[in-house]
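Let's take a walk through this model, one feature at a time. Keep the sequence and the 3D view open as you read.

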Amino acid sequence: MALTQLDQALQTEIDRLKEEGRAKPPERIITGYHPPAEGRGPRYSLLGQEQLFLRMNSNSYLSLSNHPELIAAADAATHACGVGPGAVRFIDGTFSYHVALEERIARFVGKEAAKIFNSAYTSNCGLALAVGNPKTHWIGDQLNHNSIIRAMRIAGVPSANKGIYAHNDMAGLKRCLDAVGENIDRVVVIFDGIFSMRGDYAPIDQIMAITDRYTEKFKDGVITVVDDSHGIGAYGATGRGTAEYAGRTPDIVIGTFGKAFGVNGGFIAASKTVIEAVRQKADTYIYTNPLSVADCAAATKAVDICDSGEGAKLLENLRLRTRQFREGLTGLGLESIPGPHPVVPLLVRDTAKTHALVKHLFAHGVLVVGLTFPVVPKGDETIRFQVNAAHTAQDIDLVLDILRGTI
Ligand SMILES: Cc1ncc(COP(=O)(O)O)c(C=O)c1O
């Protein structure tokens, strides 16, 4: 009974979201994974649906979630240490599997040290709490992920200590740096590596060429941070992400194990001192149980695979299938945003057509996500396709066939 009034108030808010077209539809429920067979990649069964589905909306770019070695690693770790940590990290919740994953990911991204979190989302929040102080000014790309924007709010960054530049606008970044107040000790420039709605990337080399010129101006310098959640494991010659692609690595790298690596969890990688500050000051690290040892063992194995001959082959197939799909879209006269990342947006530029096309693809057994206003500006309505390393040439042809003649 105590919730009756609150329920009413919240229902009004939910109804408003529906009226404004901002409510999320009911969630589909995946009930099974069907391994690759007969020239086709994996398929998924959904509750209440007869047919099997091809996923073109998964972040699992290397398609490792069902890899037997990841499953075996998770299994062995669980048998060795159990399913849960029993406490937060500093109260004897640290297991050898946590430390092994931290060392592995630090080595992979070329940093001295790393701390793992339950997600990249909580990593961003932890970073803002750990490196921010009242004399810190934050500058970010206008299209930064929600977790970076929320991190600023959680860390209580006042609007006077924030600057936002238009998407990938280097002149705008310079203006933000020029506008930083005299009383500021440190400036943090933070940006997504890959912008997940568009599949384009931050020009890290250009960003750092600019920040280099300002760093002496501030007592603690200008620190660059990339959240490369969609890049690590999926982008760059060896999967080291946007930094590898752009030829320069920011001071701090944030990422996730929940996309290309196919598991779960996030990380911050940086110098030993920054990571010790994270351990001491990041509430989203300190006051919450860590990942299970199963997650850690599977994620460590995923990084190992990415960094091996097998990973090189997976990345090569990912690149080939991505190119096949992009070229196929162009061949059909459809509009996309160019670039080599496996996020391939199809610009439909119309809300009703976007919804209809998502429905059409679903009816033909393909899962995609449609992005309409207010998620994207009016006129930029898009269907986001995501290619992964388990897709076959046949899968890509199938999707292109379904799209043929639709717009
Ligand atoms: C840039 C960026 N950061 C963070 C996240 C969240 O990742 P996680 O699921 O590990 O919290 C995403 C995923 O949507 C993302 O695109």
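Find proline 374 in the loop that runs between strand S16 (369–371) and strand S17 (382–386). (Helices here are DSSP runs of H or I with at least four residues, strands are runs of E with at least two, and both are numbered from the N terminus.) The peptide bond joining phenylalanine 373 to proline 374 is cis, with an omega of about 10°.

Now go to serine 63, in the loop between strand S3 (52–55) and helix H2 (68–81). Serine 63 isn't a glycine, yet its phi is positive, at about 50°. Both spots are worth a look because most residues other than glycine have a negative phi, and most peptide bonds are trans.

## Where the model comes from

This is a predicted model, so local features need pLDDT of at least 70 and side-chain atom pairs count only at pLDDT 80 or more, while totals for chains, interfaces and linings use all residues. Residues are numbered from 1 along each chain as its sequence is written, and side-chain values use heavy atoms, leaving out hydrogens and water.

## Two domains

The protein splits into domain 1 (27–56 + 311–403) and domain 2 (68–306), with bounds that come from an automatic or database domain assignment. Their centres, taken over C-alpha atoms, are 28 Å apart. Across the boundary, 16 residues of domain 1 are in contact with 16 residues of domain 2, where contact means heavy atoms within 4.5 Å.

About 1,200 Å² is buried between domain 1 and domain 2, and carbon and sulfur atoms give 62% of that. (Buried area is the accessible area, with a 1.4 Å probe, that two parts lose on being put together, summed over both.) Which three residues supply more than any other three of the area that domain 1 buries against domain 2? They are Leu315, Ile337 and His341, with 39%.

## A cavity and a pocket

Searching the whole structure turns up one cavity of 30 Å³ or more. On a 1 Å grid over the protein atoms alone, a cavity is a set of points where a 1.4 Å probe fits but cannot get out; a pocket is an open set with protein on both sides within 12 Å along at least five of seven lines, and lining residues have an atom within 4 Å of a point. Grid points are joined across faces, edges and corners, and a volume is the space filled by probe spheres set on the points. The largest cavity comes to about 60 Å³. Its lining includes Arg89, Phe117 and Tyr285, and the elements giving two or more residues to that lining are strand S4 (113–117) and helix H11 (283–286).

The second largest pocket has a volume of about 190 Å³. Of its 14 lining residues, Gly140, Ile149, Met152, Lys162 and Ile164 are the closest to its centre. Strand S5 (136–141), helix H6 (146–154) and strand S6 (162–165) each supply at least two lining residues.

Last stop: asparagine 317, in helix H13 (residues 309–331). Leaving aside residues up to four places away in sequence, asparagine 317 touches Ala389 and His391.
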